[in-house]
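Grab a pencil and work through these exercises with the model in view. Each one comes with a worked solution.

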Amino acid sequence: MAEKIRLKNISKHFGAAPRRIAALQGVDLTVQSGEFVTVVGPSGCGKSTLFNIVVGLTPPDEGAELYIDGERQAIDHLLGRVAFMPQRDMLMPWRTVLDNAILAAEIDGVPRTQARRRASAVLGRFGLKGFEHHYPQELSGGMRQRVALMRTFLFERDIMLLDEPFGALDALTRAMMQRWLLEVWSEFKPTVLFITHDIDEAIYLGDRVVVMSARPGRNKMEVDVSIARPRAPSILTAPEFVELKRRLLAAVEDESLKAFASMSRLEATVEDA
Amino acid sequence: MRNQLLKGGMQNAIVLLSIFALWQIVVDGFDVPATYTPSPAVIAQTIWAQPGAFAAAVGTTLLEAILGIAAGTIIGIASGVLFSRVPLLERMFFPYLVASQAVPIIAFGAIVIIWFGNGIASKVFIALYLTFFPVAVNTLRGLRSVNPQQIGLLRTFGASSSTILLKLQFPAALPSIFTAIRLGASLGLVGAIVGEWFGAQVGLGVMLLLSMYNYQMPELWAAIVLTGVAGALLFLVVALLESRLAWWQEEI
């Protein structure tokens with residue numbers, strides 16, 4: 001597998017001198033082409049900040065290096081390079097499901113009719129057949145999230161950054177969405193970075209799980225998930241799964257305690273700023 | 001949505017008809033003289049007796065109001081957009097705009113007539129002046145209230161700031177803009193009528209004033225009722241536009 005993304009020495013501080021807060025401190029991370037990497041860590045460890053840096057919304061501190069396909073990227077030219085899905089679906093209430101799904105492609109310059117045609121072709125794949133002319137406010141949370149994912153897929157970038165896409169869903173819907181996401185992913189095989197709070201989710205989805213430390217965030221531990229794909233939901237109780245979970249839980253727990261302890265010292269929170 | 005509007009309209013019409021019926025019964029029953037308060041039937045007869053004059057009055061005043069409201073809306077939206085994009089302009093001019101609203105336009109009434117003549121231009125100007133400010137303020141507020149994360153998301157799609165304005169901020173601001181247009185529509189009608197009081201040949205304002213001076217109660221009441229009709233028409237047009245252009249309820 002070829003290297004897709006390489007992050008070197010990514011740091012980020014917020015605020016001025018006396019109240020300066022280190023959100024990220026020297027994050028190094030390499031992701032292979034077509035790999036599904038999940039990122040877990042305590043709240044406020046800078047996971048979302050890391051994503052905002054990679055999508056080009058937040059400039060990192062001096063000295064950061066970011067490579068895509070082996071090429072050094074200019075930090076201020078990153079916007080539009082990767083497909084990003086934030087925690088909230090951010091669908092537009094005045095656009096139909098279909099028109100919300102093509103938003104990114106449309107902004108990217110794909111003519112509307114062509115984008116609509118392409119979107120219509122994959123509606124079924126995203127479980128939205130028959131809902132193309134509905135408005136987001138008529139949909140359930142799970143369906144809205146699928147529209148947002150469809151928007152991300154139709155942007156047609158080979159790298160996808162998903163920031164807790166299923167965080168707000170109930171457990172059953174979430175489990176269904178996870179299975180479904182793996183199916184779609186194995187079909188298109190983009191390189192995926194996926195933030196989650198949920199360790200089960202991180203193991204079930206990922207080829208590799210990255211644990212981030214409490215603030216300042218850095219990658220504390222990386223674990224390969226060698227469970228064969230396609231993964232049945234029943235693997236959640238398989239011994240190798242449970243053993244992985246035990247190790248990861250211990251690491252995350254450790255960091256959460258640190259984060260909790262430092263919470264009382266820091267007044268200002270840049271919680272995933 | 002459309003059905004609800006229709007149903008609401010029906011209910012309102014029933015209430016309105018009941019009020020007219022009660023009015024008729026009271027005036028007839030207590031033998032109230034028409035010089036004091038005419039009955040709805042007398043008012044209707046008065047309008048029916050000279051339809052041309054009343055139609056001309058309603059038409060003129062409505063035209064003044066509509067032109068003024070439309071121009072005020074367009075200029076208001078344009079300045080709101082301009083202020084949101086060039087904060088320096090906002091800091092320089094916005095305080096003066098607010099201050100200018102402290103002086104009622106009526107104080108300038110005579111001057112507006114001297115500047116723009118006693119034709120429709122002066123009334124259009126007054127209606128424009130009254131509509132412009134709320135629309136500008138609400139446009140600015142609506143554009144500013146968009147979630148910054150949503151703007152960030154569009155930027156990750158490679159959107160320019162004008163694309164963000166067009167595809168996100170402006171549509172998101174529409175409900176708040178329409179709130180201002182609704183306010184502007186009623187202010188605009190008042191502006192047109194009051195403008196006519198300062199000097200005009202035709203219009204509902206002229207009719208109200210003349211019938212008051214001449215103590216023609218049926219004519220005065222006819223003008224009042226028609227003013228209500230004109231106001232309702234304006235409101236209906238704005239409500240219809242709103243239900244087509246800014247029908248969603250959800251905040252984003």
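**Exercise 1.** Find the residue that stands opposite A:Ile68.

*Solution.* Start at A:Ile68: facing it in β5(A) is A:Glu71. Next, look at the pairing: β4 (residues 65-68) and β5(A) run antiparallel, joined over 2 bridges. (Strands are DSSP runs of E, at least two residues, and helices are runs of H or I, at least four, numbered from the N terminus; strands pair if DSSP finds at least two bridges between them.) Now zoom out: the open sheet has 4 strands in chain A, ordered β2-β1-β4-β5, with antiparallel pairing. Its edges are β2 (21-32) and β5 (71-72), each pairing on one side only.

A quick note on the source: this is a predicted model, where local features need pLDDT of at least 70 and side-chain atom pairs count only at pLDDT 80 or more, while totals for chains, interfaces and linings use all residues. Residues are numbered from 1 along each chain as its sequence is written, with chains lettered from A and ligands numbered from 1 in the order in which they are written.

**Exercise 2.** Work out which residues of α6(A) are buried, and what they pack against.

*Solution.* Count neighbours first: buried takes 20 or more other C-beta atoms (placed from the backbone) within 10 Å of a residue's own, exposed 12 or fewer, partly exposed in between. That gives A:Arg174, A:Met177, A:Gln178 and A:Leu181 as buried. The face turned away carries exposed A:Leu172, A:Glu183, A:Ser186 and A:Glu187. Finally, the buried residues pack against α5 (141-154) and α7 (199-205) of chain A, where contact means C-beta atoms within 7 Å.

Terms used. Contact = placed C-beta atoms within 7 Å.
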